[in-house]
Amino acid sequence: MQLFYAPDITTPEYTLGEEESKHCIRVLRLAEGDRLHITDGRGGIYECEIASADARRCRVRIIGMTPEFEKMPYNLIMAVAPTKNIDRFEWFLEKATEIGVSEIIPTECAHSERRTIKTERENKVITAAVKQSLKAYHPVLHELTSFRDVLAMPFDGRRFIAHCDEPFGEKRYFATELAAGENALVFIGPEGDFSREEIAEAVTAGCIEITLGHQRLRTETAAVMAVAAAAVKNGPKM
């Protein structure tokens, strides 16, 4: 299945943008009458037929639509400190999209080594992963947000903070603590981990202290581990 992304798709006909049109006609060599699929990024998968094979303005006719395609039974928000090496953070964005995540909040922390990100560029990384992994839902990427502001955001579910320091209370294993179908917001800190003050603030705000295992993980690895743990918890029952 060839999947294209068009959040502004309309029926009964739609014209792909220049970049997507070029990929469709010149790269994939699709022609008039050929079929392709478009996602709106909100769960809709549209089956389309090429009506005009123009490499700049490829026009398609919508012939069918599937709503809520492979909708996740849970809401997972990852609040992750961007890494100093942006390639590592982009690797996380790609893998989290492939596995399944609802929202990603780049989070600025006390020990952050990166305090700026290019949201437009990072959204392109996510979009490419959406199309490659045939996803109908495009994860929401927030602007870089301070740790305290993320902590103050309302959230309908439990919040967790993964860290390597001594716990204030009991540190629980995320893979077994999370319940199937449960909404979760998970904080993953920067290379220098969260500060002691940030952990205390999170615990006071109701966050559950968690571990992702005995290994000491890099930021992007820990974030992917959390996303994968949620996916496994919500996987098919054998």
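Colleague: To begin, what is the relative accessible area of Arg61, and is this residue buried, partly exposed or exposed?

Modeller: Arg61 has a relative accessible area of 33% and is partly exposed (buried is under 20%, exposed over 50%, partly exposed in between, with a 1.4 Å probe and protein chains only). The model is predicted, so local features need pLDDT of at least 70 and side-chain atom pairs pLDDT 80 or more, while totals for chains, interfaces and linings use all residues. Residues are numbered from 1 along each chain as its sequence is written, and side-chain values use heavy atoms, without hydrogens or water.

The partner of Arg61 is Glu13, and the closest N and O atoms of this salt bridge are 3.8 Å apart (a side-chain nitrogen of Lys or Arg within 4 Å of a carboxyl oxygen of Asp or Glu). The bridge joins distant parts of the chain, since Glu13 belongs to strand E2 (residues 13-15) and Arg61 to strand E5 (residues 59-66), 48 residues apart (helices, H or I, of at least four residues and strands, E, of at least two are DSSP runs, numbered from the N terminus). Glu13 is also partly exposed, at 33%.

In all, the structure holds 23 salt bridges. Another pairs Glu182 with Arg158, with closest N and O atoms 2.3 Å apart. Glu182 sits in the loop between helix H5 (174-177) and strand E12 (184-188), and Arg158 in strand E10 (residues 158-162), so this bridge ties together parts 24 residues apart in sequence. Glu182 counts as buried at 14% relative accessibility, whereas Arg158, at 26%, is partly exposed.

Arg172 bridges to Glu177 at 2.9 Å between the closest N and O atoms; Arg172 is partly exposed at 30%, as is Glu177 at 22%. Shared partners, moreover, join Glu13, Arg35, Glu47, Glu49, Arg59 and Arg61 into one salt-bridge network.

Now to the helix. Within helix H1 (residues 18-27), the buried residues include Glu20, Ser21, Cys24 and Ile25. These lie on the same side of H1, because they cover an arc of only 110 degrees around the axis (taken from the directions from the helix axis to the C-beta atoms). The opposite face carries the exposed residues Glu18, Glu19, Arg26 and Val27. Among the elements covering the buried residues of H1 are strand E1 (3-5), strand E3 (35-39), strand E4 (45-52) and helix H3 (119-132). Just after H1, Arg29 adopts a positive phi of about 60 degrees.

Definitions and conventions
Contact means heavy atoms within 4.5 Å.
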